[in-house]
Amino acid sequence: MGKETGFLELDRKDRTYADAQERVKHYNEFVIPHQEGELKAQASRCMNCGIPYCHNGCPVNNIIPDWNHLTYEGNWQGALEVLHSTNNFPEFTGRICPAPCEASCTLNIVDQPVTIKSIECAIVDKGWQEGWIVPQIPAKRTGKSVAVVGSGPAGMAAAQQLARAGHSVTLFEKNDRVGGLLRYGIPDFKLEKHLINRRIVQMEAEGVQFRTSTEVGVTISVNSLKENFDAIVLSGGAEDPRPLDIPGFELPGVRFAMEFLTQQNKRNAGDEELRAAPRGSLLATGKHVVVIGGGDTGSDCVGTSIRQGAASVTQIEIMPKPPEKEDKALTWPNWPMKLRTSSSHEEGCERDWAILTKRVVGEGGQVTGLDCVRVEWVDGKMQEVPGSEFTLKADLIFLAMGFLGPRKQGLLDQAGVALDPRGNVAANVINYQTSDPKIWACGDMRRGQSLVVWAIREGRQCARAVDEALMGVSELPR
């Protein structure tokens, strides 16, 4: 697998970034990919480790050693075929997945994992460049129809798989463009949207019909779908943001992260300001920005604020600062809790941990600061540190503290499907069927907020379950 001694001869060398001072001037992707020779060399490092833990680390179960070896041999088309056998959209995951596969790599025991994510991205990018990625049009149609509600990664994956099985698929999206979180929640500097557009063209050729600006539960009823389709797949996101229940939360300078990110993505797409920001423009230009929440969404707010010309950006997190390096003996091959610094953090951001917010400070109806206190954990319980109170200067506060689950009004209220204790749509991962035998659910609407790669996996598996229910048997991969 790869070159038997490759991992002994070569160190890990990953992709690099354009200079931070230059990349913050635009919203384009700034990753500098490997040259082909370098990529083959990195692929050669995939060792014949016997038990490829990377398989289990990857939610879509990518057959990683196989396409690493094919890349090393220069068989790019074969590598692409293996890659696509488990993942509909590797150009998405090759850009924005946190790569749990690399954490599970045997070489990660010595902090030298194979550059799996970079190789994945290079394979699919070469496939598009060479024209190898074409529509997979089914040889025959089944006569069955499926409505997929929500066009994020789960909905796109489910729709594409069902169309390839020969079903008539209509994908409903409440926004005016397809892509869900990929389109509106992830900044262009991490994922340029032409990557989504070319998949849409492919899916249309495969028979998927797209109905944008159509919100099921509002502009069209769930009952109408049940009357006109043989099956319904709920693949919307976990869009109900976690609020900040402190005094001053209602001030206009306190906003949810996704509203901020969506506005900028719409501007980048060419939307006029009134269309991009119907509630009023939300810009960080010249402002002191505080981001509450230490995850990827918070990091995206950091990068976007810097590009808009914020006076300062501070990101705070309620949990303690993670260790710089994990204890491999305790964590490998599982995903470790350790300090992660994103490209946005490197562009200029203050970060602080173990911070509890107490009150939004305002003057004349405008945000001027954020009262905070430091916390510590004693016997598993969080306690405020006496005398540690302080105030952060803030004109704009973004809430990036996660999501409570899918929104209930409209779609889910009309569907009437059972919910799990966390408020997500209840469905198992065997057949993805809800309490209504005609409705299936997958992605964040079923599992709660999660990774794009998990959404793709669930969309694929849900498609197989629907196909099997409609036809009695399915040839779609699980």
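Glu317 is buried (under 20% relative accessible area, with over 50% counted as exposed and anything in between as partly exposed, using a 1.4 Å probe and protein chains only), yet Glu317 has no salt bridge. A salt bridge here takes a side-chain nitrogen of Lys or Arg within 4 Å of a carboxyl oxygen of Asp or Glu. Glu317 belongs to the loop between β10 (312–316) and α17 (328–331). Those labels come from DSSP runs numbered from the N terminus: helices are H or I with at least four residues, strands are E with at least two. Leaving out neighbours within four places in sequence, Glu317 is in contact (heavy atoms within 4.5 Å) with Gly293, Gly294, Asp352, Trp353, Ala354 and Ile355.

All this comes from a predicted model, where local features need pLDDT of at least 70 and side-chain atom pairs count only at pLDDT 80 or more, though totals for chains, interfaces and linings use all residues. Residues are numbered from 1 along each chain as its sequence is written, and side-chain values use heavy atoms, without hydrogens or water.

Next up is the nonpolar core, meaning a set of buried Ala, Val, Leu, Ile, Met, Phe, Trp, Tyr and Cys residues joined through side-chain atoms within 4.5 Å. The largest one has 65 residues, and Trp67, Leu182, Val233 and Val466 touch the most other members. Helix α21 (residues 452–471) supplies the largest share of this core, with nine residues. Another core lies apart from it and holds 19 residues, including Val149 and Val417.

As for aromatic rings, the whole structure has seven aromatic pairs. Rings of Phe, Tyr and Trp (its six-membered ring) pair if their centres lie within 6.5 Å; planes under 30 degrees apart are stacked, over 60 edge-to-face, and the rest tilted. Phe260 and Phe398 count as stacked because their ring centres are 4.1 Å apart and their planes are at 20 degrees. This pair links distant parts of the chain, 138 residues apart: Phe260 is in helix α14 (residues 257–268) and Phe398 in strand β16 (residues 396–399). Both Phe260 and Phe398 are buried. Ring pairs also tie Tyr17, Phe30 and Phe189 into a cluster.

Finally, the cysteines: zero disulfides turn up in the whole structure, a disulfide being a pair of cysteine sulfur atoms within 2.5 Å. For Cys54, the nearest cysteine sulfur is that of Cys46, 6.2 Å away.

How values were computed: Lys, Arg positive; Asp, Glu negative; His and termini not counted.
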